[in-house]
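Dear colleague,

I am passing on the structure that we spoke about, and I would be grateful if you could look through it alongside the notes that follow.

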Amino acid sequence: MDNNYYYEMPNENKEPEHEPKKEKRKAPLWVKFLSLGLVFGLSAGLIFGGTNIVLSRLVGSKNSAITSKVGTTETKDSATITSGSGKTVSSDIADITKNAMPSVVSITNMSVQQVRDFFGGTREQESVSAGSGIIIGQNDDELLIVTNNHVVKDSNTLTISFIDEESVEAKIKGTDTKRDLAVIAVSNSDIKDSTKEQIKVATVGNSDDLQVGEPAIAIGNALGYGQSVTTGIISAVNREIDMEGFEGKLIQTDAAINPGNSGGALLNAKGEVIGINTVKTSDVAVEGIGYAIPISDASDVITTLMNKTTKTKVAEGERGVLGIKGFDVTKENAELYEMPTGVYVSEVIEKSGADKAGIKKGSVITGIDGTEVDAMTTLQEELQYYKAGEKVTLEVQTLKDGTYEANDVEITLGSN
């Protein structure tokens, strides 16, 4: 282990690991939610008014210049979709799909996972997984795509495929683990002119106006085979489900959300994006229950992520380290001990960047350069983009008069 940080399990003198959880209302036992990775699909062997959110608002003042080479989708005010035994009017679905499909992309994530071998050791194994994304905006230099955080998590290489099946590499601009959102970017110079003529920036609707029973259309990279379409209705709004690490309410739909659909578009009858598909319920006794993040709830987060600096990973030998050891403060323990979720600092390495910046044992790291930190893995993933000698700003919470107070601490990263 290097002197950066690692998981350290609490000993008997620390807070107990296993305490009775607070009681909360849960779904019946037969309802089992697939993990986000499962809905993302295909990994390692089996399983946001107006008719649009104005691009200058989403992109912000720093990236307000918009190129004209990529078009925008249009709404279909006259669209009517009837539901019932006949399901849908296919001609309307075809028109909506034809208009919206150019704004949806397929995402392939190449990552390296630590797996246990036959002898109890660990080894690295390359993993390939598939998901979806929505073209949400552009600036002078980049095409911006919103997707789920779990679609791009742990990525070594992200590849985007457009409607014309042309593929380009993408980089991460920013992620929000608690809302399961991410914005990734493709350099405009990497996109062929012929592709620019075919793709479009999505038209965004208002998910606050949704009514139960109205039509819903899902587009995404189901099973990694490429873009496909499913239809249904809005089954419920403001759903809260017990999903580890996720905070927020969801749209429920019976439009099929299959593995690989994560990060794809949920549309209304006008062809506007009203949700970002994210998870489904799976059980032999359950049928037609999928969920999407309401686009209106996500707009502020997406705006923030779009204006972050695009990240480039640093070679492992050049990466900076904090110089702390710690372990996760999970949501359950945070509630039990009235602590913030994040990384509990159990030890500070002497003369390290963290030590020189005044980080103390017992502090909880909850953010790094504006990105929320809810676990050690999140902190580790973010530090992959910084070289030794660079400065980062940590949000660190410390106990004072019985309550935790948050402060920003600037740290110069040490060498590994």
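**Lys178 and its surroundings**

The side chain of Lys178 makes a polar contact with the side chain of Glu372, at 3.4 Å (a polar contact being a pair of N or O atoms within 3.5 Å, where within protein one must be able to donate a hydrogen and the other to accept it, and where residues adjacent in sequence count only if both atoms are side-chain atoms). Please keep in mind that this is a predicted model, in which local features need pLDDT of at least 70 and side-chain atom pairs count only at pLDDT 80 or more, while totals for chains, interfaces and linings use all residues. Residues are numbered from 1 along each chain as its sequence is written, and side-chain values use heavy atoms, with hydrogens and water left out.

Lys178 sits in the loop between strand 6 and strand 7 (helices, H or I of at least four residues, and strands, E of at least two, are DSSP runs numbered from the N terminus). Lys178 counts as buried because its relative accessible area is 13% (buried means under 20%, exposed over 50% and partly exposed in between, with a 1.4 Å probe and protein chains only). Setting aside neighbours within four places in sequence, Lys178 is in contact with Gly245, Phe246, Glu247, Thr341, Glu372 and Asp374, contact meaning heavy atoms within 4.5 Å.

**Loop residues**

Asp180 belongs to that loop between strand 6 (167-176) and strand 7 as well, and has a phi near 55 degrees, a positive value in a residue other than glycine; its relative accessible area is 1%, so Asp180 is buried. Asp369, in the loop between strand 18 (364-368) and strand 19 (371-372), also has a positive phi, of about 45 degrees, although it is not a glycine, but Asp369 counts as partly exposed because its relative accessibility is 31%. Asn188 lies in the loop between strand 7 (181-187) and helix 5 (193-196) and is buried, at 10% relative accessibility; a polar atom of its side chain is 3.4 Å from the backbone nitrogen of Leu143.

**Cores**

Leu143 is also among the residues that Phe162 touches, together with Val105, Ile135, Val168, Ile191, Thr195 and Ile199, when residues up to four places away in sequence are not counted. Phe162 is one of the residues with the most contacts inside the largest nonpolar core, which has 41 residues, the others being Ile160, Ile184, Leu322, Ile365 and Leu379 (a nonpolar core is a set of buried Ala, Val, Leu, Ile, Met, Phe, Trp, Tyr and Cys residues joined through side-chain atoms within 4.5 Å). Apart from that core lies another, of 33 residues, including Ile96, Leu250, Ala265 and Leu267.

**Barrel and overall figures**

Six strands close into a barrel in the order 9-10-11-14-13-12, with antiparallel pairing (two strands pair if DSSP finds at least two bridges between them). Strand 10 (residues 228-239) and strand 11 (residues 250-253) run antiparallel and are joined by three bridges, and Ile234 has Thr253 in strand 11 as its bridge partner.

The protein has nine helices and 22 strands, and of its 416 residues 50% count as buried.

With best wishes
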